[in-house]
Amino acid sequence: MTIQAIGVCLIAVSLLCIPASAKTGSTIFTPERVANARRNIERYDWAKKIRDDAVAAADRYANQPDEWLWNLPTPQSIPRGIHVNRQMGCPKCGHAIDKFGNYPWKVDVFGRPWKITCPSCGEVFPKNDFAKFYESGKDANGVFHYDKADRSLLYNREHPDPADPLHTYCVDDTMGYRDAKGDVYRFVGYYGHYGAWTETYRAISNLGNAYVYTGDAKYARKAGVLLYRIAQIYPDMDYSFWSAKGFENSDGGSGLGRIYGRIWESGLVDSFNNAYDAIYPGLDDAELLASVSKLAGKSVTAADVRSLYETNVIRQVHDGILARTIEGNEGMYQNCMATAAIVLDDPGTTDEWLDWVFADGDARHGALTGGNMVSIFRGSVDDDGFGSEASPGYNSIWRSLFSSVSDLLALYPRYTKHQLVNNAKLHRMFEAPVRLTCLDRFSPHIGDTGAAGSPGLASIRASDLAYAYRAFGDPKFAQMAYMLNGNKADGLKLGIFDPEPEGVAKEIEAVVKERGPYVLKTDNMSSYGCALLRSGKGSDARALSLYYGRNTGHGHKDTLNIELFAHGLDLMPDLGYPEFAFSDCASRYEWTENTISHNTVVVDRKPQQSQRLGVARFVREGDGVSAAEVYAGKPYPQTSLYQRTIAMIDTSEKDSYIVDIFRVKGGEHHMYSLHGPEGDVETEGLNLVEQPKGTLAGEDVEPYADLGFMKHRDDVTGYQYLYDVRRDAKPSAQASVTYKVVDTWHCLKEPQDIRLRMTLVSPPGEVILAHGDPPRNKPGNPRNLWYILSPHESNDSTFVTVVEPYVGSPLISKIERKDDGDAVTLTITTASGRVDTIVSALEPIKKTVAGLEFAGRFGVISQGNDGTQKKLTAE
Ligand SMILES: [Zn+2]
Ligand SMILES: [Zn+2]
């Protein structure tokens with residue numbers, strides 16, 4: 001246990017000069033919208049369910065005495081931390097807790113106040129009676145002071161004898177328990193975050209919603225008590241104090257925040273401000289004011305509640321954004337400022353704050369003159385409609401928050417200087433994630449997105465598109481909503497506050513009848529940086545993505561990564577979200593985000609350098625063939641060529657095979673890395689010799705060994721993450737690895753014997769197989785995947801691979817490769833006897849192929865029963 005004095009200033013409530021409230025009514029939950037919601041609840045079962053769920057959730061809090069709610073939020077003197085100990089896990093079961101996710105501890109403010117329980121071993125911490133210690137430190141205002149608290153309570157209740165060696169085991173006085181080795185476990189901090197404040201957030205959101213849906217004064221009363229208490233505490237909240245003491249929160253590494261780290265703080269205070277607006281009509285309630293007066297120890301009027309809340313929370317939110325203690329990803333702090341402005345509804349101030357949202361500036365980098373919304377749409381949102389994040393998941397935060405700002409402005413017609421509803425790039429932000437859809441239920445796992453091979457669209461739902469159709473009027477969104485809704489309009493609807501939420505389904509039906517469905521085809525998002533080859537329909541759909549966009553931020557060092565979707569599964573899955581998105585998380589930098597864990601080429605054993613965008617030479621759909629060629633220079637500046645050419649070639653309506661040609665010129669060592677899905681592998685043309693122990697980094701280097709990455713993070717190989725190493729120094733000219741595919745995420749209705757055969761065609765040297773792990777703390781992730789590695793000690797490589805996903809028997813019976821200088825010609829005989837010739841050259845060439853004149857840099861020519869055909873040509 002550490003004993004440190006905490007200097008915190010507490011409750012400055014009555015010392016502040018408090019201006020009167022100008023607000024006269026709800027501006028977000030306007031009477032008209034509330035009436036819509038209540039009418040919808042009477043008309044529709046789904047709306048009733050929303051109300052019933054909100055009421056059930058709110059009743060958990062509403063059934064507590066007012067005093068309980070008053071005491072739920074904790075003051076600055078109680079830390080807020082999101083990890084007990086990331087490095088060590090649980091004091092009792094260690095890393096066994098990791099499989100329960102990033103924030104695994106169980107918290108129950110109702111049944112087990114001030115305790116947290118390990119979901120793995122069931123042990124309860126801290127071992128002292130912190131509740132009693134907390135009570136002993138409270139002043140007349142109910143605020144805990146560390147110095148005032150009774151230190152004689154700081155012992156392990158299971159071992160009361162001071163001579164017992166476990167007497168101080170896992171005792172936490174707020175600063176965490178420090179063991180003999182110096183490892184600190186922060187139980188009270190975790191409770192302060194996930195107990196005290198996360199429950200306050202839930203309570204206030206649910207009580208506000210229940211009041212809007214029912215009009216029952218009891219919910220406004222309970223929420224009013226809570227908001228008044230939050231307003232008393234909020235000005236003192238300063239997360240940086242706790243960050244400096246080693247607590248971790250969602251602060252993006254800044255150490256700044258208020259209750260939470262500054263990123264999650266924006267969502268937290270939005271929930272407070274929304275609840276304030278929701279219960280605003282209920283604040284004059286005599287019972288509420290009597291209760292608040294009693295708890296506060298003085299007479300409190302409705303005007304007092306309003307002015308205290310507006311001064312101590314809403315105006316503090318404005319100041320916090322300018323002080324950068326409330327921030328977050330793009331969209332978060334702008335939405336937070338717009339919400340504060342519109343809820344405050346004080347004409348002069350509200351206009352000034354809304355002006356700030358749109359004014360130029362870059363608050364995230366210290367230019368506090370504005371929220372930059374005009375410039376962001378001009379510069380940061382690309383022409384495809386993605387913001388400056390690699391991960392589609394993080395981009396969806398931009399989309400949902402920018403559209404929230406758009407909706408807020410629409411709710412506040414008094415302000416006319418800016419709007420977003422006609423912004424073409426906002427419209428494209430709804431289109432972009434739809435364009436990434438593969439097989440109706442996947443999108444490529446680009447950057448920190450999802451788990452290894454997990455299903456899920458790029459954070460877009462049919463209802464988002466129904467909203468876009470209603471908000472922007474573009475029929476394309478009706479077609480997209482229809483597609484994402486399972487090719488039907490049935491069940492599509494708008495939100496509970498809409499006057500006619502179900503009317504949109506008929507409108508969408510009519511649009512699709514007139515214009516036909518939206519069909520996803522081979523596509524190139526040249527501004528975001530992703531080519532998508534597509535073929536087949538329904539359960540036979542196939543898709544192959546080739547990513548060449550930004551590899552920074554929440555991106556991975558994954559330029560030219562490919563991901564294959566077929567037979568209803570992600571067959572070459574990206575590893576997805578790392579174990580922890582922290583800068584000191586070794587497995588994140590060395591492995592999950594590193595180049596080697598991706599389906600791409602590592603040059604000179606180092607991660608790729610940062611890049612924004614590669615160049616697509618072509619992305620084309622031909623006759624039963626789609627192909628793309630993309631190059632990128634920045635990831636490896638020592639290379640003069642870093643280029644991938646891919647083709648998806650149909651063998652039937654149901655099946656396609658993939659040709660992959662990866663060329664690298666420059667550098668001294670090239671390592672082609674490829675992996676399939678979960679499953680055992682069988683090999684052909686390989687005579688593998690097992691390395692008895694260790695990893696690719698060496699026989700003496702254990703998996704996950706600490707090789708000092710914090711000092712050399714730009715040149716980590718990641719080799720120590722590849723174990724069960726086996727090698728063939730002299731593979732045959734066609735070395736195949738066939739995966740017996742496991743349906744990790746239970747995507748298939750019926751089990752199917754799916755295989756994925758990867759054939760390295762004339763590998764330039766050794767072929768290595770090794771196991772690598774997807775993040776270990778994401779429930780559902782496969783334990784490990786087989787990696788295929790083809791290293792080449794050379795400044796010039798052309799790696800050629802043919803990939804066949806199939807059920808039953810393979811698609812291909814024979815492959816021949818012929819190189820003529822830099823030009824590669826592959827002759828592939830399919831199982832049905834068709835002969836496909838694939839020509840790929842660095843510059844356009846002319847030659848006779850299968851009796852036809854061919855001119856171009858890439859082409860596919862087929863000879864089959866119906867003669868010889870050029871299926872695709874690219875110049
Ligand atoms: Zn445990
Ligand atoms: Zn990745």
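## Basis

The model is predicted, so local features need pLDDT of at least 70 and side-chain atom pairs pLDDT 80 or more, while totals for chains, interfaces and linings use all residues. Residues are numbered from 1 along each chain as its sequence is written, chains are lettered from A and ligands numbered from 1 in the order in which they are written, and side-chain values use heavy atoms, with hydrogens and water left out.

## Zinc ion (ligand 1)

Cys-90, Cys-93, Cys-118 and Cys-121 coordinate the zinc ion (ligand 1) through their SG atoms at 2.3 Å. Donors are N, O and S atoms within 2.8 Å of the metal (3.2 Å for Na, K and Ca), and water is not among the atoms, so sites may look incomplete. The angles at this ion run from 104 to 114°, which makes the arrangement tetrahedral (for four donors, all angles between 85 and 135 degrees).

The spacing of these donor residues in sequence is C-x2-C-x24-C-x2-C. Cys-90 sits in the loop between helix 3 (66-71) and strand 1 (106-107), and Cys-118, 28 residues apart from it, in the loop between strand 2 (116-117) and strand 3 (124-125). Helices (H or I, at least four residues) and strands (E, at least two) are DSSP runs, numbered from the N terminus. Cys-90 has 2% relative accessibility and counts as buried, as does Cys-118 at 1%; buried means under 20% relative accessible area, with a 1.4 Å probe and protein chains only.

His-556 belongs to the loop between strand 8 (542-547) and strand 9 (561-566), and Asp-574 to the loop between strand 10 (569-570) and helix 19 (586-592), so the pair ties together parts 18 residues apart in sequence. Both His-556 and Asp-574 are buried.

## Cavities

There are five cavities of 30 Å³ or more. On a 1 Å grid over the protein atoms alone, a cavity is a set of points where a 1.4 Å probe fits but cannot get out, and lining residues have an atom within 4 Å of a point. The largest cavity has a volume of about 120 Å³. Its lining has 14 residues, and those closest to its centre include His-83, Asn-85 and Arg-86.

The second largest cavity has a volume of about 100 Å³. Among the closest of its 15 lining residues to the centre are Gly-453, Asp-570 and Trp-745. Domain 2 (381-520) and domain 3 (523-874) both contribute to this lining, so the cavity lies between them; the domain bounds come from an automatic or database domain assignment.

Technical notes:
Buried < 20%, exposed > 50% of the residue type's maximum accessible area, 1.4 Å probe, protein only. 1 Å grid on protein atoms, 1.4 Å probe; cavity = no way out; pocket = protein on both sides within 12 Å on 5 of 7 lines; lining within 4 Å. Points joined across faces, edges and corners; volume = space filled by probe spheres on them. Tetrahedral: all angles 85-135°; square planar, octahedral: opposite > 155°, others 65-115°.
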